[in-house]
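Biologist: Could you give me a close look at one part of this model, and then show me what else stands out? Please include the cut-offs behind your terms as you go.

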Amino acid sequence: MPNHQSMTCPPADMREADDRVRAHLTELRRRGQQLPARPGHPDKVHYGAIEEAAGVYNGYLAKPAGRAARLEVDAAVLELGLQDARAELEREVVTLAAAGGLLCDAVRRRQEERSEYSGPTLKRARALIKLLIERDAMGAGGSAAAAAVAFREALAAGKIKNGADFEDILGELETLLEAQSAGLCLPSSFCGALEVVMAAKGVSAGELAKRVDLKEMQIVRWRSGERVPDERSEPRVREIERELGLEPEELVKRIERRRAGRGRVAKGRYPVDLQTPEKAVRRSEISRRLKPEALFWDTASLHALIRDIDKTIENETQERCARNALRQDSYALKEWPVEANTEFTAFTAFKSDLIVPLGMKRALAKNRSSTIAVRRQQQSLFFGWLAERRTNGIIPVSDLSMTLLMVPSLLHEYMQWKAQRSVGEARVSATDVDLVTLAGALTNAADGFLTQRPDLAPRLTALLQQHHLSVRRRDGTLWTMVTAVDWLRFCEDAYREIKAVESTLRRVQTKNRRFQELMPVLAMPDPLIVVYRAIDAMRIDLNKLERSTTAYARAQRGLMMMHISTQVALRAETWTQVTASGAEPDLHFEQGRWQFKIPARKIKTGDLAERFKSDPFYRRELLDDNGLYDDISEYLDHSRPLLLGDSDCDRLIVNNEARPVFSKAYLQNVFRAIVRRNISRYAENENAQRNLDDFSFHPLRHILATAILKRSGSFELAGDALADDPETVREYYGFWRASDRSKDLLKALGRRAMLTKSSPTQKRRRSKAYRKAPFVRLR
């Protein structure tokens with residue numbers, strides 16, 4: 001039988017908790033004070049603060065036992081009102097948290113003035129502040145001056161491990177604190193004041209952004225000085241002042257107005273239709289392409305040039321959107337019929353197995369699995385066009401077969417459709433032409449796969465007759481049916497017609513086109529200079545970001561990839577597979593050096609290159625050049641864990657917590673954006689003078705190979721940097737002209753004089769013999 005007394009009367013501790021809450025509310029009424037509001041929610045009561053002030057356990061008012069007390073608190077809200085409890089900034093004493101902001105702001109400004117990378121110095125500054133906070137009894141709220149004095153005494157007594165590493169940064173902190181002897185004085189700049197106040201209050205950019213309804217990156221850019229608030233952002237800045245406990249106008253008055261965007265031309269000099277807020281991004285794009293001398297032109301000429309540039313950007317945007325639409329419009333056949341699958345399985349065995357099927361011959365080496373995958377994708381697109389997009393009558397999916405590649409008229413129709421489908425000028429890609437080349441290889445008399453399959457003659461005959469297809473004979477008549485006896489003659493005629501189709505196609509890209517695009521760089525005495533400039537620019541941008549943000553982590557990831565590429569130029573597919581953790585990571589630190597040990601299977605030419613036949617690993621030691629080791633360590637120790645979050649992934653290059661592994665295409669796009677910002681014609685450094693388009697990882701192989709050849713003249717060394725054979729470098733990558741080799745040639749020809757250096761005595765004897773020689777006048 002239930003105890004009704006126990007159900008209606010609360011226990012003594014609950015009654016005591018209710019009494020404490022009531023007593024606290026009575027005291028607030030007596031003083032005439034308002035109830036505290038939740039941080040960031042001024043219209044909601046802060047139950048946690050009331051529980052703490054009343055002396056009850058945390059969460060009591062949210063439980064069923066505290067329902068009665070909670071109702072009394074809600075009634076008191078209507079009676080007393082709410083007060084947004086924002087603690088004012090402590091100014092009488094410079095706390096350790098505020099000192100950390102002051103020190104980081106000073107380091108950033110000093111390194112930016114010197115155009116130096118501030119990452120290592122900032123790292124030591126943060127490590128010093130962290131150590132001071134750990135040693136202080138009051139933590140981040142302790143006095144920075146007292147903590148610095150105690151730390152200096154501990155250094156003198158030898159009680160700090162590796163104390164010499166903090167000597168210079170501690171001296172800089174002491175200098176800053178001497179200037180703040182009268183209390184905390186905020187820097188004069190908006191970004192510096194925001195940095196110090198956020199550090200003093202212990203508020204991150206993400207937390208502050210949520211409170212004032214802004215994007216986290218906007219707070220990061222304001223704090224780093226990369227951007228300044230405009231007139232439209234002033235209400236948000238005033239709210240930031242309230243959230244951080246500052247006096248009104250304390251941040252607003254520090255804002256130094258700049259022109260909208262990052263361009264060189266003020267908004268008022270643009271045409272009226274380009275001065276709207278919606279056109280701010282377009283103005284920034286136009287300003288990057290304006291000639292410097294255009295700033296001194298008259299208004300009409302300047303407006304005419306701006307409109308021409310605007311029209312060019314608009315056309316590029318439309319073309320880019322059209323290309324993206326084409327990429328998303330996939331017409332490839334996903335489900336192949338059984339007969340076509342059987343034929344392709346036999347083709348795969350013929351091209352990739354170590355032992356060729358009995359009765360067949362294969363002249364060339366076996367194909368890689370990646371090549372087989374490309375062949376299947378090419379035929380999937382061809383089959384999809386036949387089954388869905390062909391204008392002269394579609395072919396049912398059940399009738400699709402590899403033998404249709406032997407019909408030149410179908411290949412010609414397909415190439416015409418591909419050319420008309422392209423954006424801008426009618427053209428076909430090198431991949432499209434490769435399908436016609438594959439068709440020719442299948443019907444080659446020497447070792448063509450289809451040539452050695454006369455059993456497919458009945459199937460091809462049925463397709464020719466059913467869909468009214470034909471192949472032209474040598475004598476001008478048409479093949480409308482084929483037997484096993486005539487199979488070889490049919491393949492010869494088909495091969496001749498297919499090659500005729502191939503010869504009419506204009507190849508879009510050849511192996512020399514990349515050289516032409518990169519010629520402004522490859523022709524330089526040292527092509528790697530453009531990459532070094534990009535690294536310096538990326539470091540300056542990195543210094544402007546908050547270290548705790550994902551934007552910083554992504555920027556550090558790009559900096560590390562670009563820096564490693566000055567010594568090892570890996571392909572995109574290799575970058576996506578390299579590991580940094582696990583039992584045997586591909587990038588590891590050993591004997592004081594960062595080293596690569598990448599299995600050959602992760603390299604495109606790993607199964608064919610001669611260099612991997614004796615050792616199935618690519619082994620390469622990295623040189624600590626211009627802070628490369630610091631970049632790798634910063635990424636692995638800080639940025640990579642920040643990007644991964646709670647997910648577990650062994651890859652070196654990671655994306656984010658939800659999808660840590662990069663796809664090849666996505667990583668190429670990420671790197672292409674880095675190149676566009678720091679190397680291409682749109683870069684804000686001297687690289688813009690080279691007038692390059694953006695590119696992905698592969699052109700860096702051309703740049704690195706050419707730089708090594710110009711420095712050393714060794715194709716073997718260039719092959720080591722590219723994880724390829726010297727013959728491959730000689731054929732595809734190295735751009736090494738005769739003029740580049742002229743100095744080496746003169747040095748080699750002058751070697752005899754170096755080997756036969758004469759002594760002073762021998763020189764005197766030759767001179768004496770010359771003087772004694774008879775003089776002969778030449779007539």
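**The sheet and beyond**

Modeller: Strand β7 (residues 593-599) runs antiparallel to β6, and four bridges join the two; strands here are DSSP runs of E with at least two residues, helices are runs of H or I with at least four, and both are numbered from the N terminus. This is a predicted model, where local features need pLDDT of at least 70 and side-chain atom pairs count only at pLDDT 80 or more, while totals for chains, interfaces and linings use all residues. Residues are numbered from 1 along each chain as its sequence is written, and side-chain values use heavy atoms, leaving out hydrogens and water.

The whole open sheet has three strands in the order β6-β7-β8, with antiparallel pairing (two strands pair if DSSP finds at least two bridges between them). At the edges are β6 (587-590) and β8 (617-621), each pairing on one side only. From one strand to the next, the twist averages 25 degrees. Packing on this sheet is helix α26 (residues 628-644), which touches β6 and β7 and whose direction makes about 70 degrees with that of β7. For that, contact means heavy atoms within 4.5 Å, and axes are lines fitted to C-alpha atoms, for helices over the stretch in contact, with angles from 0 to 180 degrees between N-to-C directions.

Now for the rings: the whole structure holds 20 aromatic pairs. Rings of Phe, Tyr and Trp (its six-membered ring) pair if their centres lie within 6.5 Å, with planes under 30 degrees apart stacked, over 60 edge-to-face and the rest tilted. W336 and F344 are edge-to-face, 5.5 Å centre to centre with 75 degrees between the planes, and both W336 and F344 are buried (under 20% relative accessible area, with exposed over 50% and partly exposed in between; 1.4 Å probe, protein chains only). F382 and F383 form a tilted pair, with centres 6.2 Å apart and planes at 40 degrees; F382 and F383 are both buried too. The charged end of R376 sits over the ring of W336, 4.0 Å from its centre (NZ of Lys or CZ of Arg within 6 Å of the ring centre and within 35 degrees of the ring normal).
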